[in-house]
Amino acid sequence: MDLPILYEDADVVAIAKPAGLITHSDGRTKEPTAEDWFKEHYPEQGGGYVHRLDRDTSGVLLFAKHHEVYEFLRKAFHDREVGKIYYAIVYGVPRATRGMIDFDIGRSRRDFRLRSAQPKAKGRLREAITRYEVVGKRGDHALVKLRPETGRTHQLRVHLKAIHHPIIGDTLYAPNHKPALGLSRLALHAYEVEVPLLSGKKVTIVAPVPAELTSAFNAFGEVGVKFEK
């Protein structure tokens, strides 16, 4: 498996995860994972992935090369010291051009695969915070910039559904919506991660938008970011 390396030093390596690749094994399937790639290329160093991306989400995925930095980065993510920027195209245009979504997230009562931001969600409701900004509009769709402050499973997908603007191509949370803008995948990309390092400095890592998303993203015009083809 050949995955593009976005950043590497003695402590960490960041890759551009493509949509369709899972971060790690769920114990039920035998398909390749990003974790397999890491273990193949860094077999003796320990460590591992310090955060996760959904199968259908592309973008920056970070691995710690050894145990000390693994513990350091896991704590940094937990303590919200890591800055994350995602871009997504959603159905409809949010009325407020920017805002914060802070619905707690639990498990869906009707489908074990799903999470829910409903008050009667199953199990423990965990705090979840997403800040969003509408950076482009085109007809009945919007390009939004997302800054999750927490890292709950499916958080961005659940939060955007909760404000009635699910992500284009989300077969789990928007199964009854028609495909749009020629997209055949989830229109969600983990664009940037700003992460502290053991050395005390911070590094910003950017994952270029993959080819299958660039045309749709660029259709929203100048949004402050050049999505290269």
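Two strands pair if DSSP finds at least two bridges between them. Strands themselves are DSSP runs (E, at least two residues), as are helices (H or I, at least four), and both are numbered from the N terminus. The model is predicted: local features need pLDDT of at least 70, side-chain atom pairs count only at pLDDT 80 or more, and totals for chains, interfaces and linings use all residues. Residues are numbered from 1 along each chain as its sequence is written, and side-chain values use heavy atoms, with hydrogens and water left out.

Start with a hairpin. β10 and β11 form it, with two residues between them. In the turn, Gly 139 has a positive phi of about 60°. Eight bridges join β10 (residues 130–138) to β11, and the two run antiparallel. Thr 130 has Pro 148 of β11 as its bridge partner. β11 also pairs with β5 (residues 83–91), again antiparallel, through six bridges. Here Tyr 86 stands opposite Leu 146.

How enclosed is β11? Seven of its eight residues (141–148) are buried, so the rest of the structure largely encloses the strand. Buried means under 20% relative accessible area, exposed over 50%, and partly exposed in between (1.4 Å probe, protein chains only).

Next comes the nonpolar interior. In soluble globular proteins, nonpolar side chains tend to be buried together. A nonpolar core is a set of buried Ala, Val, Leu, Ile, Met, Phe, Trp, Tyr and Cys residues joined through side-chain atoms within 4.5 Å. The largest one has 44 residues. Phe 63, Ile 89, Leu 146, Ile 167 and Leu 188 have the most contacts inside it. β5 gives the largest share of this core, seven residues. Apart from it lies another core, of 18 residues, including Tyr 7 and Phe 77.

Contact means heavy atoms within 4.5 Å. Leaving aside neighbours within four places in sequence, Ile 89 is in contact with residues including His 141, Leu 143, Ile 167, Leu 183 and Phe 220.

Helix α3 (residues 155–162) is also largely enclosed by the rest of the structure, because six of its eight residues are buried. They are Gln 155, Leu 156, Arg 157, Val 158, His 159 and Leu 160. Just after α3, His 164 takes a positive phi of about 70°.

Now turn to the loop between β3 (48–49) and β4 (58–64), which holds Thr 57. Thr 57 counts as buried, at 2% relative accessibility. With neighbours within four places in sequence left aside, its contacts include Lys 17, Tyr 86, Arg 185 and Leu 188.

Charged pairs complete the picture. A salt bridge is a side-chain nitrogen of Lys or Arg within 4 Å of a carboxyl oxygen of Asp or Glu. By this rule the count comes to ten. One of them joins Arg 55 and Glu 31 (2.9 Å, N to O). Arg 55 lies in the loop between β3 and β4 and Glu 31 in the loop between β2 (12–17) and α1 (34–41), so the pair ties together parts 24 residues apart in sequence.

Arg 98 forms another with Glu 133, their closest N and O atoms being 3.1 Å apart. Arg 98 is in β6 (residues 98–101) and Glu 133 in β10, so this pair ties together parts 35 residues apart in sequence. Arg 98 is exposed, at 56% relative accessible area, whereas Glu 133 is partly exposed, at 25%. Finally, a network of salt bridges links Asp 54, Arg 157 and Asp 170.
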